[in-house]
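Open the model in a viewer and keep the selection tool at hand.

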Amino acid sequence: MPGFSDIRQQLSDKIKTTPPVRVIVVSFALIILVGTLLLMLPISSKVGGASFIDALFTTTSATCVTGLVVGDTYTLWTPFGQGVILGCIQLGGLGLSTLTIGFSLLVRRKLGIREMKLASESSGGSGLDIAGLLRLTIIFTFACEAIGACLLALRFVPMFGVNGIWPSIFCAISAYCNAGFDVLGFVEGNSSMTAFAGDPLVSLTISFLIIIGGLGFIVVQDIYLCKIQPRFHHKDTIRLNFHSQICLRVTIGLLVFGTLGFFLLEFSNTMQGLNVLEKLNCAFFQSTNTRTAGFASVDIASQFEFTKVLSVLLMFIGACPGSTGGGIKTTTFTVLAATIVCTIRGKSEAVILRHRFSTPTVYKAFTLTFVSILLVFIDAGVISSLNPDILYIDCLYEATSAFGTVGLSASVTPNLDPISKLILIFTMFVGRVGPLSFGLSILMRHKEKGASIYPEGRMIIG
């Protein structure tokens, strides 16, 4: 009979031979499992113990930094339960492997080849300076969250006294991790951030935390190395790399597009009662949140259907790679758009900013998008069939919000049946780890030796 040391050695050998992408998927699953068990404890819930489905849904939503909830976080969960949720948000936002390896680097421990591969897969980095990226990620994350908490405290502490400290910390971490959870349910007449729709200090602080968290750690590192660090040494700044340029341009473009869209569509609807500047501020807040977080400054259920369609599009695109946000990512959207435009113009290659995309990159972008569309529409169809009293557009909104790990809701999630909640749980998980990563973690096998050469298949397209 094998002893404990033998079992530990076998487990260690198994982990070493497991593909990094599978380790990441399993680490998210373990966080969800532990969080679910903790939320089921009587000490976690104000209603005397949460059901397995509600605890699993909440933990998955927190770990996958989504924000969909089965009930108001402040009303349903005790301070201990809220702490568990916040811990899941922080672990899920950065990734368990990023945090553990990052802290190892902070105490000056060197990384092995295996850890380098895992860190590269987890952070989305492909360069050689993975150690530098992880150090910057950990330090920058906690710095942004601390500054955000201090800014929110300037509003919440004068309003709520000492009780405003916890919401400041909670909302800052939730915003940076693009989670969309809040503990402001004690504010009368408040739902998410509706009570602060016209408050620029609260809305802009949360918005910029979301934007920074959604840019991706690779972009943050590139901005620091190319634009900030040279100034410390009195040197000229350097041009950002191609990836960073695309992420920043598309992010700004989508923010402007979304802001104008929400401002024009909801001017006399959900933003009624606000002055023009407050409406513009509210539209920017909604544009920021719709792409990746889940805070809402208006009643989502009361929005026009065309506004919901616009929201579905923005949620589906999502944030940047290697960030705390979800969706198919801004880079995937860029590859799709460039390929379509170049194909219409009769060009054989997709080109943008004097750079061309390789064929494997185009294939990967189209595969990811097709699988994601299929997942979202099937989910929406099944949820609509199980809940015939809910409009399909609201089911589609909910499914897209789950996939994009956004968390905005048309007040549908709390009323769903258990099967529909399980569907959203699966969708949130796949949306966080990525459809391709999830598929690879299940289907990955050892590479076959040798390669076959097949004849070209010719057929008419269109």
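Start by selecting helix α12 (residues 242-265) and helix α14 (residues 305-317), which pack with their axes 10 Å apart at an angle of about 165°. Because angles over 145 degrees count as roughly antiparallel, α12 is roughly antiparallel to α14. Axes here are lines fitted to C-alpha atoms over the stretch in contact, with angles from 0 to 180 degrees between N-to-C directions; helices are DSSP runs of H or I with at least four residues, strands runs of E with at least two, numbered from the N terminus.

Next, show side chains at this contact (heavy atoms within 4.5 Å). From α12 come Leu254, Phe257, Gly258, Gly261, Phe262 and Leu265; from α14, Phe306, Thr307, Leu310, Ser311, Leu314 and Ile317.

This is a predicted model, in which local features need pLDDT of at least 70 and side-chain atom pairs count only at pLDDT 80 or more, while totals for chains, interfaces and linings use all residues. Residues are numbered from 1 along each chain as its sequence is written, and side-chain values use heavy atoms, leaving out hydrogens and water.

Now move to helix α15 (residues 330-344) and helix α16 (residues 359-386), whose axes come within 9 Å and cross at roughly 110°. Thr332, Val335, Leu336 and Thr339 in α15 touch residues of α16, including Val362, Ala365 and Phe366.

Finally, select the whole chain: 19 helices and two strands. Of its 462 residues, 52% are buried (under 20% relative accessible area, 1.4 Å probe, protein chains only).

Notes: Buried means under 20% relative accessible area, exposed over 50%, partly exposed in between (1.4 Å probe, protein chains only). Angles under 35 degrees count as roughly parallel, over 145 as roughly antiparallel, 65 to 115 as roughly perpendicular and the rest as oblique.
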